Amino acid sequence: FIERPSFWLPAVLISLSSWGFTAICGWLVGFDQIAANEMAARGIEMTGTTASGAISAGFMFSWPITFVVTTLLASVAIYAVFALALGYKLTLRQTIAVLFFSHIPRIVRYILCLIPLLVGSQSRAHFLTSNPLPTNPGFFFLDAEINHQLLVALTSIDLFTFWTLALIACGIGTIGRRPFAKTAGVVLLCW
């Protein structure tokens with residue numbers, strides 16, 4: 001891994017699992033319902049028929065492309081911070097591989113998100129693809145009348161986010177032969 005790092009395997013696995021998750025959500029919940037749920041969570045009421053279901057499907061099916069592009073850009077930023085600014089001995093290719101492999105927990109998240117949809121039909125009427133699991137404080141305030149920015153901040157404090165950040169710190173620290181605590185602190189600061 002260190003001599004010839006590659007990011008293709010995690011990128012393909014995450015993309016396939018994302019497309020599978022999107023297809024199953026569209027089948028079980030429906031893209032119109034997903035769009036209505038997301039808009040209602042933001043305090044926007046839908047009136048009449050709109051193309052929001054098609055737009056929602058388009059966004060969800062194009063997410064792997066967005067994921068790859070943003071992960072590549074984040075890799076360049078992380079490389080600049082660690083290799084150029086802090087003197088870690090790592091290559092851009094290694095940094096890209098670490099960031100893609102650190103997102104493997106997304107596959108676990110997709111699988112866990114499907115459980116409530118497959119088990120209970122009641123959860124389909126309130127299913128949010130942006131916040132499907134009780135792994136962050138924002139999940140518990142979805143029905144509360146709180147500021148949307150505060151809800152977004154609470155949602156970003158997520159178990160899967162911290163799992164990914166820990167994997168990034170572990171990978172960068174291992175390749176750069178630096179202590180985990182220092183690397184984790186810089187990764188948290190970058191986040």
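**Chat about the model**

User: Which residues are buried in helix H2?

Analyst: Helix H2 spans residues 31-41, and its buried residues are Phe-31, Ile-34, Ala-35, Asn-37 and Glu-38. Those residues cover an arc of only 160° around the axis, so they sit on the same side of H2. Keep in mind that this is a predicted model.

User: Ok, and what's on the face of H2 turned away from the buried side?

Analyst: That face carries the exposed residues Asp-32 and Ala-40.

User: What about H8, which residues are buried there?

Analyst: H8 covers residues 180-190, and Thr-183, Ala-184, Val-186 and Val-187 are the buried ones. Their arc around the axis is only 165°, which puts them on the same side of H8. The face turned away from that buried side has the exposed residues Ala-181 and Leu-189.

User: How exposed is Ala-181?

Analyst: Ala-181 lies in helix H8 and has 61% relative accessibility, so it counts as exposed, the cut-off being over 50%.

User: And how far is Ala-181 from Trp-8?

Analyst: Their C-alpha atoms are separated by 29 Å, and the two residues are 173 apart along the chain.

User: Let me zoom out. How many helices and strands does the protein have?

Analyst: There are 8 helices and 0 strands. Along the sequence the pattern reads α-α-α-α-α-α-α-α. The C-alpha atoms fill a box of roughly 55 × 35 × 30 Å along the principal axes.

User: What share of the residues is buried?

Analyst: Of the 191 residues, 39% count as buried.

User: Switching to rings. How many aromatic pairs does a search of the whole structure find?

Analyst: It finds 12 aromatic pairs. One of them is Trp-63 with Phe-67, which is stacked, at 5.0 Å centre to centre and 20° between the planes.

User: Where do Trp-63 and Phe-67 lie?

Analyst: Both are in helix H3, residues 52-85, and they are 4 residues apart, about one turn of the helix.

User: Which pair does Phe-67 form with Phe-100, stacked or edge-to-face?

Analyst: Phe-67 and Phe-100 are edge-to-face, with 5.6 Å centre to centre and 90° between the planes. Phe-67 lies in helix H3 and Phe-100 in helix H4 (residues 92-102), so this pair ties together parts that are 33 residues apart in sequence. Phe-100 is buried, with a relative accessible area of 0%.

User: Which residues make up the aromatic cluster?

Analyst: One aromatic cluster is formed by Phe-7, Trp-8, Phe-21, Trp-63, Phe-67, Phe-100, Tyr-110 and Phe-127.

User: Now the surface. Which residues make the nonpolar patch?

Analyst: Val-108, Leu-112, Ile-115, Leu-118, Val-119, Trp-163 and Leu-167 make a nonpolar surface patch of about 620 Å². Helix H5 (105-119) and helix H7 (159-176) are the elements that give two or more residues to the patch.

User: Which element gives the most?

Analyst: H5 does, with 5 residues in the nonpolar patch. Leu-112 is in helix H5 and is partly exposed, with a relative accessible area of 35%.

User: Last one, backbone angles. What's the phi of Arg-177?

Analyst: Arg-177 has a positive phi of about 55°, although it is not a glycine.

User: Where is Arg-177, and is it buried or exposed?

Analyst: Arg-177 is in the loop between H7 and H8. Arg-177 is exposed, with a relative accessible area of 70%.

Technical notes:
Residues are numbered from 1 along each chain as its sequence is written. This is a predicted model: local features need pLDDT of at least 70, side-chain atom pairs count only at pLDDT 80 or more; totals for chains, interfaces and linings use all residues. Side-chain values use heavy atoms; hydrogens and water are left out. Rings of Phe, Tyr and Trp (its six-membered ring) pair if their centres lie within 6.5 Å; planes under 30 degrees apart count as stacked, over 60 as edge-to-face and the rest as tilted. Buried means under 20% relative accessible area, exposed over 50%, partly exposed in between (1.4 Å probe, protein chains only). Patches are made of residues with over 30% relative accessible area and no salt bridge: like charges are joined within 9 Å, nonpolar side chains (Val, Leu, Ile, Met, Phe, Trp, Tyr) within 5 Å. Accessible areas come from the Shrake-Rupley method with a 1.4 Å probe; for residues, only the protein chains shown count as cover. A salt bridge is a side-chain nitrogen of Lys or Arg within 4 Å of a carboxyl oxygen of Asp or Glu. The arc is that of the directions from the helix axis to the C-beta atoms.
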